[in-house]
Amino acid sequence: MQWLRESPPLSGASVITSLPDVSEVPDLGFAGWKAFFQAAAALVATRVPDDGVAIFFQSDIKHEGLWVDKSHWVQCALEAAGMALLWRKIVCRRPPGTITFGRPSFSHMLCFSRDVRAPAGRSTADVLPDAGHMPWSKAMGVNACVDACRFVARETACHTVVDPFCGYGTALAVANAMGLHAVGVDLSARKCRRARNLRFAVNAEGSVDFVDNAVLESAPA
């Protein structure tokens with residue numbers, strides 16, 4: 001949050017991120033986390049340039065037996081900041097038909113912009129049946145990151161992906177594998193070290209594969 005506040009608009013960049021869950025900021029309590037979450041979404045909107053996009057990957061939770069729809073909070077904050085919803089996708093975190101408790105088997109992925117518009121002729125699937133490899137339990141999943149990064153590369157003039165809550169850096173590593181630059185920020189020094197070393201590679205079929213956590217000098221910084 002501090003880095004975002006101190007940064008000017010992120011010229012030439014788009015944001016791909018997942019805002020922290022209440023479990024990641026337990027000291028705030030539920031009400032404090034809700035205020036933090038909504039403020040973070042609004043702050044992201046102020047830093048995304050008009051020709052960029054903001055893509056959020058959010059999983060709902062249950063609180064006191066009731067569903068908390070994080071995608072609704074994101075949409076309210078972004079639309080209040082003058083950004084329109086370009087598309088929404090459902091990303092399956094478990095096979096369709098799986099029964100889960102406490103957290104749904106899918107996540108929302110939403111894309112917003114002020115000036116960018118998604119050409120109908122280049123639409124992609126509304127449902128991703130598999131989120132893909134997840135370097136940690138709260139990661140976006142590689143397939144979701146590929147879908148988001150591909151949209152940034154094809155439909156915007158941006159060449160840099162920014163994740164201000166980067167965790168282990170899945171979106172950043174996928175962006176690098178697809179030829180984009182990436183900037184990540186996180187409060188956890190341990191997660192930042194993991195994010196610096198996480199690497200993926202594009203295979204012969206054009207898909208992205210996990211490599212390892214060794215630093216590869218060929219990847220964009």
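Let's start with helix 5, where seven of the eight residues are buried, so the helix is largely enclosed by the rest of the structure. Bear in mind that this is a predicted model. The buried residues in helix 5 are Thr170, Ala171, Leu172, Ala173, Val174, Ala175 and Asn176.

Take threonine 170, which sits in helix 5. Its relative accessible area is 5%, and with the cut-off for buried set at under 20%, threonine 170 is buried. What does threonine 170 touch, once residues up to four places away in sequence are set aside? The list is Pro135, Ala139, Gly141, Val142, Cys145, Leu198 and Phe200. Past the helix itself, glycine 179 follows helix 5, and its phi is positive, near 90°.

In general, two packed helices are described by the angle between their axes and the distance between the axes. For helix 4 (residues 142–155) and helix 5, the axes come within 9 Å and cross at roughly 55°. The two helices are therefore oblique to each other, and helix 4 passes helix 5 in a right-handed crossing. On the helix 4 side, the contact is made by Val142, Cys145, Val146 and Cys149, and on the helix 5 side by Thr170, Ala171, Val174 and Ala175. Sort those contact residues by type and you get seven nonpolar, one polar and no charged.

Now for another helix pair. The axes of helix 2 (residues 29–47) and helix 3 (residues 70–80) come within 8 Å and cross at roughly 45°. Helix 2 and helix 3 are therefore oblique to each other too, and helix 2 passes helix 3 in a right-handed crossing. Helix 2 contributes Phe30, Trp33, Lys34, Phe37, Gln38, Ala41, Ala42 and Ala45 to the contact, while helix 3 contributes Lys70, Trp73, Val74, Ala77 and Leu78. By type, the residues of this contact come out as ten nonpolar, one polar and two charged.

Some of those names turn up again when you look at the rings. The structure holds seven aromatic pairs. One of them joins tryptophan 33 and phenylalanine 37: the ring centres are 5.7 Å apart and the planes lie at 70°, so the pair is edge-to-face. Why are tryptophan 33 and phenylalanine 37 separated by about one helical turn? Because they are four residues apart in helix 2. An α-helix has 3.6 residues a turn, so residues three or four places apart point the same way. Both tryptophan 33 and phenylalanine 37 are buried. Ring pairs also link Phe30, Trp33, Phe37 and Trp73 into a cluster.

Phenylalanine 36, meanwhile, forms an edge-to-face pair with phenylalanine 165, at 6.4 Å centre to centre and 90° between the planes. Phenylalanine 36 lies in helix 2, and phenylalanine 165 lies in the loop between strand 8 (160–163) and helix 5 (170–177), so this pair ties together parts that are 129 residues apart in sequence.

Proline 104 is found in the loop between strand 5 (84–92) and strand 6 (106–113), and proline 104 is buried, with a relative accessible area of 7%. Leaving aside neighbours within four places in sequence, proline 104 is in contact with Asp60, Trp67 and Arg93. How far apart in space are proline 104 and lysine 62? Their C-alpha atoms are 9.0 Å apart, although the two residues are 42 residues apart in sequence.

Glutamate 64 belongs to another loop, the one between strand 3 (61–63) and strand 4 (66–68). Its phi is near 55°, a positive value in a residue other than glycine. Is glutamate 64 buried or exposed? At 72% relative accessibility, glutamate 64 counts as exposed, whereas proline 104 is buried.

Notes: Residues are numbered from 1 along each chain as its sequence is written. This is a predicted model: local features need pLDDT of at least 70, side-chain atom pairs count only at pLDDT 80 or more; totals for chains, interfaces and linings use all residues. Side-chain values use heavy atoms; hydrogens and water are left out. Axes are lines fitted to C-alpha atoms, for helices over the stretch in contact, and angles run from 0 to 180 degrees between N-to-C directions. Angles under 35 degrees count as roughly parallel, over 145 as roughly antiparallel, 65 to 115 as roughly perpendicular and the rest as oblique. A crossing is left-handed if the near helix is turned anticlockwise from the far one by less than a right angle, and right-handed if clockwise. Contact means heavy atoms within 4.5 Å. Ala, Val, Leu, Ile, Met, Phe, Trp, Tyr, Cys and Pro count as nonpolar, Asp, Glu, Lys and Arg as charged, and the others, Gly among them, as polar. Buried means under 20% relative accessible area, exposed over 50%, partly exposed in between (1.4 Å probe, protein chains only). Rings of Phe, Tyr and Trp (its six-membered ring) pair if their centres lie within 6.5 Å; planes under 30 degrees apart count as stacked, over 60 as edge-to-face and the rest as tilted.
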